[in-house]
Amino acid sequence: MQGSPDNVKQAAVKTTVVRSDDSFKRVIIRQDYGKKCVRIHCFVAGYHYHDGDSIIDLLHPREDLLLVRELYNPYDPHAIAVYSKDYVQLGYVPRIITPLIAPELESGTVACQLKKINRKEYYDDYVRLEIMIRFPAEK
C-alpha cells in the first residue's frame, strides 16, 4: 500500500537556520543522522580586521582551515579563531555558534573547510569566506 508508514522514508537530516540580532548573516546547522555528524555553514566573522586580504588569492575552495580556541578573548569566552593552513588569521567563527563548537573542538573531533570565496565586484574590499565545520553528532 503506497503512502503507508512502512514505505515512508524518515528525514535523515535536520536543518536549523540561525540569525543573530547583531548580524544580517545566517548560520545553517545540519544534523545528519545517517552520517552521524553535524555540519555548520557560516561566514568568517571579522574578516576585514585580520590578515586574510594578504593571502586571499592563495585560498581555494575545499581547503582545510584551522580552528583555534582563544580562551582569553575579552569579547567571547568561547572565541574560535579561523586560520589558513599557513597560519594566517582569517577571522572568527560567529559568536552565536561558538558555545556549540567549543566543547567539540577541545575533543579534537572538529574539521573545518573553506567552502566558498564570495567577492563582490562593486566593492573591492567586500570578501566573504564561507566555511563548513563538521563534527560527530551526539549519540
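**Close-up views of a predicted model**

**View 1. Cys-42 and its closest cysteine sulfur.** The sulfur of Cys-42 lies 7.4 Å from the closest cysteine sulfur, that of Cys-112, so the two are too far apart for a bond. A disulfide needs its pair of cysteine sulfur atoms within 2.5 Å. Cys-42 is also buried, because its relative accessible area is 1%. The model shown here, as in every view, is predicted.

**View 2. Cysteines without disulfides.** How many disulfides does a search of the whole structure find? The search finds zero. Cys-37 is another cysteine to look for: it has 2% relative accessibility and therefore counts as buried.

**View 3. A nonpolar patch on the surface.** Three residues make up this patch: Leu-66, Val-68 and Tyr-87. Together they have about 300 Å² of accessible area. Val-68 belongs to strand β4, which covers residues 64–69. Is Val-68 buried or partly exposed? Its relative accessibility is 37%, so Val-68 counts as partly exposed.

**View 4. The chain around these sites.** The protein chain has one helix and eight strands. Along the sequence, their order is β-β-β-β-β-β-α-β-β. The chain has 139 residues, and 40% of them count as buried. Take the contacts between residues at least 6 apart in sequence: 49% of these join residues at least 24 apart.

**View 5. The accessible surface.** The protein chain has an accessible surface of about 9400 Å². Carbon and sulfur atoms account for 50% of that surface. The patch of Leu-66, Val-68 and Tyr-87 can be found on the surface.

Terms used. Residues numbered from 1 in each chain as written. Predicted model: local features only at pLDDT ≥ 70, side-chain atom pairs only at ≥ 80, totals over all residues. Heavy atoms only, no water. Patch = residues over 30% accessible without salt bridge, like charges linked within 9 Å, V, L, I, M, F, W, Y side chains within 5 Å. Areas by Shrake-Rupley, 256 points an atom, 1.4 Å probe, with all protein chains shown as cover. Salt bridge = Lys/Arg side-chain N within 4 Å of Asp/Glu carboxyl O. Helix = DSSP H or I, 4+ residues; strand = E, 2+ residues; numbered from the N terminus. Buried < 20%, exposed > 50% of the residue type's maximum accessible area, 1.4 Å probe, protein only. Contact = heavy atoms within 4.5 Å.
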